[in-house]
Amino acid sequence: MAPAAPRSGDAIFASVERVNAELFTLTYGAIVRQLLTDLEEVEEVNKQLDQMGYNIGIRLIDEFLAKSNVSRCVDFKETAEVIAKVGFKMFLGVTASVTNWDADGTCCSIVLEDNPLVDFVELPDTCQGLYYCNILSGVIRGALEMVSMKTEVTWIRDVLRGDDAYELQVKLLKQVPEEYPYKDDE
Amino acid sequence: MAAIYSLYIINKSGGLIFYKDYGSKGRMDTNDSLRVASLWHSMHAISQQLSPTTGCSGIELLEADTFDLHCFQSLTGTKFFVVCEPGTQHMEALLKVIYELYTDYVLKNPFYEMEMPIRCELFDVNLTQAIQKDRVVLLGR
Amino acid sequence: MIGVGKIKQYSNVLDKPLSKGKQEVSLSAFAFLFSELVQYNQTQVDNIAELERRLEDAGYAVGARVLELLCHRDKGNRRETRLLGILSFVHSTVWKVLFGKVADSLEKGTEHEDEYMISEKELLVNKFISTPKDMGTFNCGAFVAGIVRGVLDSAGFPAVVTAHFVPMEGQQRPRTTILIKFAEEVLQREARLG
């Protein structure tokens, strides 16, 4: 059987079951509020959000692969494009674009035009250091790690902090070679 | 029931996380099924090394006198394989369906711990439906 | 305007038009998020009762906001003041906005005057969740119970709200019933209003 052709983010989003974004947004808000109460320190909340995103990423990647029919990407450039064009669209219904490539093609930015996590949100003075959407960076990091790419994902711009867009920098640290773990000394 | 004898799911380290047999043939006790899983994990890896061309992703189909074994490995390293009557159709499509059920009813379940044996009632229920003979025939369309 | 004179222009959420609530995300995105909410809360508790309470608290925060949002957007800044009115608002309007459908049923408890039940064959949050046997009667619908309590409480109808699995004859899966037990003051007020 020939492998099925990769599907576009739009086509997938149109075919999957969807829910009102407000349920999603308000539930995420409830999570952030719980963390702020439990952990008190904004820096700890940033860390925990990233960790929760990572936990989601390592699970969500399989759904992404199953629904998108994406096969192994040839390089990191293609990977970044697929995350932006297919990944964000199929899960969150929003489009993202890839820019700011460095010379050796291992670091780029993903810019979000729209971000369903932040509807209704304004950071109070007590939370100015909060990366409210930090869960997203964790999701990308977790998902890529499951397909052998170690990355570092950081926020460059954040509308809630006064910038004009949401920009995530994704930096490829190490591509774990695809060998069987017999020689692995980890 | 399609002529499927058994279904295995192996995690990326070669541990058996799900096993189910359907009917009388090829029924195995727990120890044997664990052994088959880890053997298959190794054979699958060896087949990639043996391949004369690069980029081989391992054995997809093993045909024997008395059974076929179809294997699907996700890019994340989880392997799904069915053992069935020789010549049974639509097994690649069935494995894809099972992969999707796994992403729904296993990975979205907060009580499932990654890489551990799968004990999710909803996964079992939906799997039983998917494997019905008439459903499998529809996959050919 | 907030932010004038600063180097960065902080956006003011009140300057933006209120969303119409037509945007959607995939059910999967919500399911993964909800699953992580449950997993995180499991690490914060010693027993199932506490887990239930924490999920309910998270839901409460959602419910309080949903009431505000819907009263403003859908009801011209008015809200229900009578018991049956608010119950039908939860069962129809709130359910439709949050879960895409009206709840399967709204019934009055047969044994107690102060009890009402909203039931759903398959609660959206439970769609992919198999609750392990060793967790007894625990139901992740506690989050939804919290949403209901948040709406009711913020509208001036304090109540105790809990989620329960109820086995159904001829059905493989139990349905979930959200049991609402109103505070005494609510019933007294209703009686006065006649």
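In chain A, four strands make up an open sheet, ordered S2-S3-S5-S4, with antiparallel pairing; strands here are DSSP runs (E, at least two residues), as helices are (H or I, at least four), numbered from the N terminus, and two strands pair if DSSP finds at least two bridges between them. Because strand S2 (96–99) and strand S4 (149–157) of chain A each have a single partner strand, they stand at the edges, and one side of each is left without a neighbour in the sheet. This is a predicted model, in which local features need pLDDT of at least 70 and side-chain atom pairs count only at pLDDT 80 or more, while totals for chains, interfaces and linings use all residues. Residues are numbered from 1 along each chain as its sequence is written, and chains are lettered from A and ligands numbered from 1 in the order in which they are written.

S2(A) is joined by four bridges to the antiparallel strand S3 (residues 107–112) of chain A, where A:Ser109 is the bridge partner of A:Thr99. Helix H4 (residues 76–92) of chain A lies across S2, S3, S4 and strand S5 (166–175) of that chain, at about 160° to S2(A); axes are lines fitted to C-alpha atoms, for helices over the stretch in contact, with angles from 0 to 180 degrees between N-to-C directions.

Key:
Contact = placed C-beta atoms within 7 Å.
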